[in-house]
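Please keep the sequence and the model in view while reading.

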Amino acid sequence: VNLLDSFVDHWKGITNYYIETTGQTRPVKQTDIPWRLKQMLDILVYEEAQQGQEEMGPCMEYLLQHKLLETLCTLGKAQYPPGMNQQVLVFFSKILVQIQKPMLHILNVYRPVQKLVRLCGLPGSQTEKEEAQFMFVVCSRVKQDPYVLNYILEDNHSKRSISTSEDTEKGRSGETVSSNYPTASDPASTSSPQQHSPTDSPSTIFPANAGLIHVLVHLSRSQVCSKSRVALKAFESLLLLVSIPKEDTAVCLAESTPLCQLLAERLCELFSQLPATLEPADIHSFPQTHWNGMQESQSFPGSEHMENFFAWLDFLDHLMREAPKVTKIIIIKNGLCFRSEMGVLVNTALLCCSVRHIQSPAMVEELVSFLLGRQTQSEQRLDTESHVLRYQLIEHCDHISDEISITTLLLFEALLQKPHREILFNLVLRNLENRCYLTRTLGGGDDCRHFTDTDPVEENEELEEDPFFTDMYGEDEFNSSEQLLHRPQLIREHRCSGQTQALDIVNSFLCLVPQEAKTSQHVQGARYETYVHDAHEQFKECTAFLLDWDWPESLKPTELSVSSSDFFEGHFLKVLFDRIGRILEQPYELNLQVTSVLSRLAVFPHPHLHEYLLDPYIILAPGARSLFSVLIRVIGELMQRIEVIPNFTEKLVHVRRQLMGLDGESGVDHMPLLKGVIILEEFCKELAAIAFVKLPANNTNLQNTDTL
């Protein structure tokens, strides 16, 4: 059989149908058009297998010279007979998949492909499945040959040309296709007059409005975006497109097409569809949602909208892991500048859930920049305008609504769990860089405590000045069953605050709460060592972050030019310290969250952070406060209040057993205070455990945690 004759015969059979039949409404599947298209495709595939990829066979030349693809595209657009567009989409998809030779750089191929792309994604389309498959095939060919992206993207609002005028292209292509296609006589021909130089400007190669991008984003909206096969195919196509390894192509795709804008607009659109009546508890418990629909659905009012939003967010996160240079996502800001209390609560909970779900470093970086800014200088106490959103979120940690405070603290805790150096630097470390929290000596250095063998109790001088701390370090305290670490004498070597022994720090926190306010010895399984394992795991997790963080291993020398009176701990630590200062009067759940955030901060092995949060022996500059100094004031207040409450210890133990589910609930006076005392005791034990597991890593002589 002569392949060309057979090929032409099938094509004439299709065109004769339009000549011989008019006005019929028979669907295309009831005609011989699908069969003839399949025969034509089979002939082209067979011909290529016989000719080899270096040469073009006569059937392919006929298809290109006579612009068969252009004609098919026109027939598909006319939808005559009904369903013809579907057949054209299938034919285009199969020819791009089954023909191995490069094709998309040829004028009479990429032009009809462009036109067919514009026929996809139209409202009310009945061929979304075929459209999605066609777009996926096109993106696959682009991924194989990135330069052909030049021929697919186009401007829908101006003359559709890429780098040369249409007339010039027609004149150069003429009736000969071989100049556009590698042939046996010219096997190295990879650049025809219709192909573009790599030096073409991005604005020329990548017009502002690319039909391909619009169609893919439109198809990603099909039905429920996390479950629709059409949407999944569109997601996969976008991933293929943005993961093109050629960097110039990726940058141009991001900067000279509406890709970033459309992705961000879709995220904003889905965010705006979230009902304001969502329950914060449902948001916090919402599971990780995957863009490919691989998760169990939850059912509650608004769950479908949440699933759509977080599926799209997960897709963007995945996209930025695949191609971090391609796109920068604009996170929603309007939803965070709330008016109503419920709006604040719901939107903060959604943001917290979003932070937990985001994994790609590039997207985390964009999120951190959006929420916290990029300021590097130490904070000023009166500066609330440098980054309004950051300041607003921090202030919400001390909101009049306890629910809003808890939710915002959860947000910051989620941020602190991200392996991103700038989060901790922005919130805390930039204010501790110069160690202005320390008192300076006349010589200009730090006022470090110098203890000798002849002065065994001088270390308690500061505590003894406070009448609430008499007998705090008495003999009974050191012999109590609470103590895991014992020291026979209160003797310390000559050393500065940064080198304080772990033994002293651990005991300082364990002895901070007075004996009458302790309950651990009355309840089984509530001793200090229960925190050591968790602290060790958290410390290992935080240490794993440090590989690329370039943190100092020792304390930075203080500078004479920096005045200690200038010290401000920063708005974030200020709010946390203020909250800890009110621990005896705040709700139990709020206290749990405040202490959880502070514990997370204390675990990080930065020497300045460790000194400021965990070293009780530093001498603070006038007006400065540390975590330990705040806790001392809380203990002072507690001892005053203990004196006026009869049977305080018995009531405290009863409340503790209630919280553990060991005793039934019964009315007890001073419940917020008693719960606050229990949280305070547990927090001090947790800080002691953190100090214990951290300092061995700093080469201090301390027994291994495994022996405890």
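Is Asn-647 buried or exposed? Asn-647 is exposed, because its relative accessible area is 54%; exposed means over 50%, buried under 20%, and partly exposed in between, with a 1.4 Å probe and protein chains only. This is a predicted model, in which local features need pLDDT of at least 70 and side-chain atom pairs count only at pLDDT 80 or more, while totals for chains, interfaces and linings use all residues. Residues are numbered from 1 along each chain as its sequence is written, and side-chain values use heavy atoms, with hydrogens and water left out.

**Backbone geometry**

- Asn-647 has a positive phi of about 55 degrees although it is not a glycine, and it lies in the loop between helix 29 (627-642) and helix 30; helices are DSSP runs (H or I, at least four residues), numbered from the N terminus.
- Arg-435, also not a glycine, has a positive phi near 55 degrees.
- Arg-435 is placed in the loop between helix 21 and helix 22, and it counts as buried because its relative accessible area is 4%.
- Tyr-80 and Pro-81 are joined by a cis peptide bond with omega of about -10 degrees, and Pro-81 belongs to the loop between helix 4 (68-78) and helix 5 (84-98).

**Surroundings of Asn-431**

- Asn-431 is located in the loop between helix 21 (421-427) and helix 22 (461-464), and its relative accessibility of 5% is why it counts as buried.
- A polar atom of the Asn-431 side chain lies 2.8 Å from the backbone nitrogen of Glu-379.
- The Asn-431 side chain also reaches the backbone oxygen of Glu-569, at 3.4 Å.
- Beyond its neighbours within four places in sequence, Asn-431 is in contact (heavy atoms within 4.5 Å) with residues including Ser-378, Phe-567, Phe-568 and Gly-570.

**Surroundings of His-606**

- His-606 sits in the loop between helix 27 (588-603) and helix 28 (607-614), and it counts as buried because its relative accessibility is 7%.
- Not counting residues up to four places away in sequence, His-606 touches Leu-429, Trp-551 and Pro-552.

**A nonpolar surface patch**

- Leu-659, Met-660 and Leu-662 form a nonpolar patch on the surface, with about 250 Å² of accessible area together.
- Such patches join nonpolar side chains (Val, Leu, Ile, Met, Phe, Trp, Tyr) within 5 Å, or like charges within 9 Å, from residues with over 30% relative accessible area and no salt bridge; a salt bridge is a side-chain nitrogen of Lys or Arg within 4 Å of a carboxyl oxygen of Asp or Glu.
- Accessible areas come from the Shrake-Rupley method with a 1.4 Å probe, and for residues only the protein chains shown count as cover.
- Leu-659 belongs to helix 30 (residues 648-659) and is partly exposed, with a relative accessible area of 34%.

Methods. Helices (H or I, at least four residues) and strands (E, at least two) are DSSP runs, numbered from the N terminus. A polar contact is a pair of N or O atoms within 3.5 Å; within protein, one must be able to donate a hydrogen and the other to accept it, and residues adjacent in sequence count only if both atoms are side-chain atoms.
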